[in-house]
Amino acid sequence: MPALAEGVIYRPGYFSRAEQEALVEDIRAVVAAAPLYTPQMPRSGKPMSVRMTNCGPLGWVTDRDGGYRYQAAHPVIGAPWPPMPRRLLDIWGALADYPHPPEACLVNFYTDQAKMGLHQDRDEKDFSAPVISVSLGNSCLFRVGGTTRSGKTASFRLDSGDVVMLSGPGRLCYHGVDRIYPQSSTLLKQGGRINLTLRRVTIPAAA
Ligand code: SIN
Ligand code: FE2
């Protein structure tokens with residue numbers, strides 16, 4: 001296991017198979033209400049290879065004209081995102097050292113050909129909250145570096161049930177998905193990989 005930047009926390013095998021199956025059921029219900037769609041890169045409008053949806057009061061979206069942003073409605077069907085399943089709120093409560101609930105869960109679906117370029121998660125206003133990532137289904141080769149794009153990166157395999165947390169000094173670390181390993185998990189009957197990322201978006205009002 002390569003050394004990771006401070007604040008990048010890797011919890012292999014965090015979820016049991018039964019917990020992973022329950023999470024997949026939750027996500028099936030989310031996708032039934034808020035279908036996966038193909039996001040576009042800002043400016044070029046180039047389609048991303050990952051399909052996306054969200055749950056929670058806010059969702060992360062991107063398209064040619066509007067760029068990266070959070071919004072309360074699904075960009076295709078126009079409806080509010082479905083509520084965050086209880087189980088996801090509980091995961092945040094157990095792992096995030098942060099006193100307010102997450103507002104968005106981005107659901108990424110990777111076919112075996114999909115990947116995600118190196119990027120920072122920086123469209124949120126409150127970087128004191130972590131980003132918590134849950135992997136389900138086929139494994140991937142995950143890459144994570146430091147807080148500058150040119151910094152050295154480490155690659156390692158993320159398997160179904162693994163959790164990665166970008167927190168504190170690691171909150172803005174660059175990360176991406178280089179490849180998916182086909183047929184590496186039996187969790188999703190149709191194959192592919194699901195990644196869930198839980199995010200706090202807004203700065204909570206002072207009590
Ligand atoms: C992301 O950065 O949004 C997804 C990371 C992953 O799929 O593991
Ligand atoms: Fe990300």
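An oxygen atom of ligand 1 lies 2.5 Å from a side-chain N or O atom of Tyr110. This is a predicted model, where local features need pLDDT of at least 70 and side-chain atom pairs count only at pLDDT 80 or more, while totals for chains, interfaces and linings use all residues. Residues are numbered from 1 along each chain as its sequence is written, chains are lettered from A and ligands numbered from 1 in the order written, and side-chain values use heavy atoms, leaving out hydrogens and water.

**Exercise 1.** Find how far an oxygen atom of ligand 1 is from a polar side-chain atom of His175, and then do the like for Asn108.

*Solution.* Start with His175: the distance is 3.0 Å. Next, the side chain of Asn108 has an N or O atom 3.2 Å from a ligand 1 oxygen. Finally, look at cover: ligand 1 alone exposes 260 Å², and the protein buries 97% of that (Shrake-Rupley method, 1.4 Å probe).

**Exercise 2.** Work out which element gives the most residues to the shell around ligand 1.

*Solution.* First list the shell (a heavy atom within 4 Å): Asn108, Tyr110, Met116, His119, Phe142, His175, Val177, Arg193, Asn195 and Arg199. Then assign elements (strands are DSSP E runs of at least two residues): β12 leads with three residues.

**Exercise 3.** Sort the shell around ligand 1 by class.

*Solution.* Take Ala, Val, Leu, Ile, Met, Phe, Trp, Tyr, Cys and Pro as nonpolar, Asp, Glu, Lys and Arg as charged, and the others as polar. The shell then holds four nonpolar, four polar and two charged residues.

Methods:
Polar contact = N/O pair within 3.5 Å; in protein donor to acceptor, adjacent residues only side chain to side chain. Helix = DSSP H or I, 4+ residues; strand = E, 2+ residues; numbered from the N terminus.
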